[in-house]
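Please walk me through this model by question and answer, from the overall fold down to single residues.

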Amino acid sequence: MSDFVLQDAEAHYGATRVLGPLSMGIEPGEHVALIGKSGAGKSTLLSLMYDRWQAQPVALMPQALGLVDTLSVFHNVYMGRLDRHRWWRNLATLARPFRRDVDEIAALLDEVGIGEKRWTPCGELSGGQRQRVAAARVLYQQGALLLADEPVSALDGPQASSLMGKLTQGYPRSVLAMHDLDLALGFCTRIVGLRDGAVVLDAPSNTLDSASLQDLY
Ligand SMILES: Nc1ncnc2c1ncn2[C@@H]1O[C@H](COP(=O)(O)OP(=O)(O)OP(=O)(O)O)[C@@H](O)[C@H]1O
């Protein structure tokens, strides 16, 4: 049985129910694309999953990315593992990073194509570069499950494909809110379609094509 299960889950804003009740589990090896039009409940479902499962090693890449603009790209990626180190090591890293960390993070930044920006403050990056920093941070963090909200929305076609490959290979399971149906079908094993806070489709990707998903929009 999966450790990642929701049973009759609901989300409310004030007195208004915007999601559920819904039940679903994420099995090992599953990469789930959450699709549906704007306002369907994708971000709300990701937040609910993060709340319910945060006792387990879950990484979150939020839509707003959560970068600290005044810190360098290196330091933002390093934050993916802040909770694994003692306070004094994190404090020392702020002033003078350890060579081992610099080398590991530099390799990751090279992989996502922003190695030359290692010491640039995140506030000086483009939208696509910022998205790649946030992706590098969750790849550095590692864990049992990745939750990501439109993780490649600011990237061009080849960059988006490359990063989708790294994110789905970097975690044993993932749930990714997506708007690009071809990327969802190409990289995810399962498609969950939401409409007005309800699951209206839940099927393996290899049984679907992008035309059959258009009904959700
Ligand atoms: N802070 C909030 N307060 C009240 N209602 C909210 C709030 N955030 C979201 N909602 C409502 O919850 C519903 C689901 O929103 P959600 O952000 O989960 O949609 P989404 O599918 O992620 O949309 P998008 O693709 O635009 O990011 C919408 O009806 C939205 O208006």
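Predicted model: local features only at pLDDT ≥ 70, side-chain atom pairs only at ≥ 80, totals over all residues.

Q: How many helices and strands does the protein have?
A: Helices (H or I, at least four residues) and strands (E, at least two) are taken as DSSP runs, numbered from the N terminus. On that basis the protein has eight helices and eight strands.

Q: Why does the protein count as being as compact as a globular protein of its length?
A: The radius of gyration is taken over C-alpha atoms, and the globule rule is 2.2 Å times the number of residues to the power 0.38. For 217 residues that rule gives 17 Å, and the protein is as compact as a globular protein of that length because its radius of gyration is close to this, at 18 Å.

Q: Which residue ranges form the two domains, and what separation do their centres have?
A: The bounds come from an automatic or database domain assignment, which gives domain 1 as 1-57 + 146-217 and domain 2 as 67-142. Taken over C-alpha atoms, the centres of domain 1 and domain 2 are separated by 26 Å.

Q: Which element gives the most to the side of domain 1 that touches domain 2?
A: Two residues are in contact if their C-beta atoms, placed from the backbone, lie within 7 Å, and the contact between the domains takes ten residues from domain 1 and ten residues from domain 2. On the side of domain 1, five residues come from the element that gives the most, helix H6 (residues 157-170).

Q: Which helix gives the most to the shell around the ligand?
A: A residue is near a molecule or strand if its C-beta atom, placed from the backbone, lies within 6 Å of it. The residues that surround the ligand include Tyr13, Val18, Gly36, Lys42, Ser43 and Thr44. With three residues, the element that gives the most to this shell is helix H1 (residues 42-53).

Q: How do the residues of the shell around the ligand divide by class?
A: Ala, Val, Leu, Ile, Met, Phe, Trp, Tyr, Cys and Pro count as nonpolar, Asp, Glu, Lys and Arg as charged, and the others, Gly among them, as polar. The shell around the ligand then divides into three nonpolar, six polar and one charged.

Q: Which residues have the most contacts inside the largest nonpolar core?
A: A nonpolar core is a set of buried Ala, Val, Leu, Ile, Met, Phe, Trp, Tyr and Cys residues joined through C-beta atoms within 7 Å. The largest one has 56 residues, and those with the most contacts inside it are Ala33, Leu34 and Ala135. Helix H5 (residues 127-141) gives the most to this core, with seven residues. Leucine 34, leaving aside neighbours within four places in sequence, is in contact with residues including Leu45, Val175 and Leu194, and the residues asked for are Ala33, Leu34 and Ala135.

Q: Is glycine 36 buried or exposed?
A: A residue is buried if 20 or more other C-beta atoms lie within 10 Å of its own, exposed if 12 or fewer, and partly exposed in between, with C-beta atoms placed from the backbone. Glycine 36 is found in the loop between strand E3 (31-35) and H1. With 25 C-beta neighbours inside 10 Å, glycine 36 counts as buried.

Q: Which residues does aspartate 69 touch, not counting those up to four places away in sequence?
A: Aspartate 69 lies in the loop between E4 and H2 and counts as exposed, with 11 C-beta neighbours inside 10 Å. Its C-alpha atom is 9.0 Å from that of leucine 125, although the two are 56 residues apart in sequence. Aspartate 69 touches Pro121, Cys122 and Gly123.

Q: What is the omega of the cis peptide bond that joins glycine 20 and proline 21?
A: Proline 21 lies in strand E2 (residues 16-25). The cis peptide bond between glycine 20 and proline 21 has an omega of about 5 degrees.

How values were computed
Residues numbered from 1 in each chain as written.
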